Amino acid sequence: MTRFAAVDLGASSGRVIVSDASLTLTEVHRFPNGPVERGGSLHWDIRGLFGQIVDGLRRAGPVDSIGIDSWAVDYGLLDSSGDLLGDPFHYRDSRTDGVMDGVPRELLYGVSGLQFLPFNTVYQLLADRRLDAASVMLLVPDLLTYWLTGSVGAEVTNASTTGLLDVRTRTWSSSLIAELGLPAGIFPEIRRPGTAAGVVRPGLLGWSAPVTAVASHDTASAVAAVPASPGSRFAYISCGTWSLAGVELASPVLSPESLAANFTNEAGIDGTIRYLRNVMGLWLLQESLRVWGLTNADLGDLLRAASAEPAFASVVDPDLPAFLPPGDMPARIAAECARTGQPVPSTPAAFVRCILESLALGHRAAIRQAVELSGQEVEVVHLVGGGSRNALLCQLTADACGLPVVAGPVEATALGNLLVQARTAGVVGSSSEMRALVASTQRLERFEPSGSDAAAWEEAEARIGLLCGR
Ligand code: LFR
């Protein structure tokens with residue numbers, strides 16, 4: 001049997017997962033991840049993460065191929081000797097505050113089609129004081145691939161989150177790079193998912209294997225594993241630390257309306273476009289749990305209590321910039337409820353109810369606008385990733401969208417990573433076969449919209465001005 005290893009790094013944990021083409025996943029290693037504060041800035045402990053990956057791959061034993069995915073936008077810089085110039089910054093670091101306002105949006109959007117988020121690589125590079133000493137810029141999965149193999153490249157799905165890729169040609173935009181005064185020489189050659197990304201250096205693991213370029217942007221891998229049936233008109237929500245909500249398209253939408261609604265056109269596998277908007281996601285819940293001194297183990301009780309809370313007591317726009325940095329999330333939510341004249345939640349259960357209803361409203365706004373702006377109708381929403389375990393969130397999302405939600409798989413990102421490797425090895429066929437395989441092997445749950453409270457959702461949406469507020 002051909003065995004594949006997926007290295008899947010998330011903002012709060014990393015995993016090494018092994019599977020063959022039957023998609024029975026074995027998690028051989030899991031390790032924590034998170035921002036590390038150094039010299040007043042937020043970074044990733046990238047060397048620590050690499051150590052954990054090596055450890056995980058050793059535990060995996062010999063495999064036929066390895067693929068790496070992670071969150072997007074963050075990068076390391078190499079000097080002319082190939083050494084790393086300091087740990088990558090964390091995208092929630094404040095050094096990019098205000099940078100976005102200094103670059104005309106039309107200049108960027110017509111080329112990259114990328115939504116405007118303060119942490120896009122382009123803004124990080126404009127704020128980076130180390131560029132003079134840099135020879136190469138490598139996004140996180142590319143940097144880890146380089147350390148595993150010695151081979152340099154820029155995988156295209158993740159490169160599309162930099163803001164410097166021409167989304168139509170899927171090549172670096174030399175004109176944009178020049179116009180912004182960034183050094184053209186630091187951007188490596190583009191790699192496409194399903195191509196070779198080097199071979200593990202001798203001596204590192206005790207065995208060697210090829211590294212396959214997968215969809216190295218975690219969201220691209222997750223969407224590749226959405227269990228949609230062929231021809232079905234679906235939206236997706238890749239729901240973890242972030243909720244990425246939108247539709248899959250054959251070509252980008254770069255209209256002024258799309259720019260104004262802050263929709264992104266990120267590159268997917270096989271030339272597809274992920275037309276979506278970032279919704280703040282379970283970050284709101286994760287940061288609240290941290291402040292309350294609770295863990296995921298406490299979540300079951302908390303969600304039961306949240307289900308029993310009154311509906312729509314208070315809702316907030318989940319995407320307020322104030323919610324982006326780490327810190328006391330309940331205090332920020334309370335301040336926003338007070339500011340908008342709504343009752344301030346007084347118990348964790350009431351906060352959780354507020355968070356989940358607010359996220360469901362964010363999902364609804366993103367999906368409705370994606371449909372409107374792309375002209376692509378939707379009849380079902382696939383909610384994949386860790387959030388698919390949260391039955392209350394799935395039900396609220398179905399109610400808010402007025403559409404059935406098919407929840408699962410939880411491990412969509414790792415599955416997308418493994419499936420691109422399996423397809424490259426010739427043991428799985430087309431991308432629709434990949435999706436069919438996910439649908440037939442993974443646990444999925446369907447949530448029908450309850451349909452009774454459409455007016456209440458409308459009122460709640462109007463309360464926070466989600467659709468018109470952007
Ligand atoms: C999800 C994700 C999003 C990206 C955000 C920051 O994990 O990759 O797609 O916008 O993280 O990189």
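Q: Which residues surround the ligand?
A: This is a predicted model, where local features need pLDDT of at least 70, side-chain atom pairs count only at pLDDT 80 or more, and totals for chains, interfaces and linings use all residues. Residues are numbered from 1 along each chain as its sequence is written. The ligand is surrounded by W71, A72, V73, Y91, H217, D218, T219, T241, W242, L244 and N278.

Q: How many residues of each class does the shell around the ligand have?
A: Let's sort by class: Ala, Val, Leu, Ile, Met, Phe, Trp, Tyr, Cys and Pro count as nonpolar, Asp, Glu, Lys and Arg as charged, and the others, Gly among them, as polar. By that scheme, the shell around the ligand holds six nonpolar, four polar and one charged residues.

Q: Where does the ligand lie relative to domain 1 and domain 2?
A: The protein chain is divided into domain 1 (4-216) and domain 2 (217-408 + 444-470), with bounds from an automatic or database domain assignment. Both domains give residues to the shell around the ligand, so the ligand lies between them.

Q: How many residues does each domain give to the contact?
A: The centres of domain 1 and domain 2, taken over C-alpha atoms, are separated by 26 Å. Two residues are in contact if their C-beta atoms, placed from the backbone, lie within 7 Å. The contact takes 31 residues from domain 1 and 24 residues from domain 2.

Q: Which helices each supply at least two residues of the side of domain 1 that touches domain 2?
A: Helices (H or I, at least four residues) and strands (E, at least two) are DSSP runs, numbered from the N terminus. On that side of domain 1, the helices are α2 (105-112) and α5 (156-159).

Q: Which residue is the bridge partner of L78 in β8?
A: Two strands pair if DSSP finds at least two bridges between them. Strand β7 (residues 75-78) pairs with β8 in the antiparallel sense over four bridges. In β8, the partner of L78 is V136.

Q: Are the residues V136, M137, L138 and L139 of strand β8 buried or exposed?
A: A residue is buried if 20 or more other C-beta atoms lie within 10 Å of its own, exposed if 12 or fewer, and partly exposed in between, with C-beta atoms placed from the backbone. In strand β8 (residues 136-139), V136 and L138 point one way and M137 and L139 the other way. Whichever way they point, all are buried.

Note on methods. A residue is near a molecule or strand if its C-beta atom, placed from the backbone, lies within 6 Å of it.
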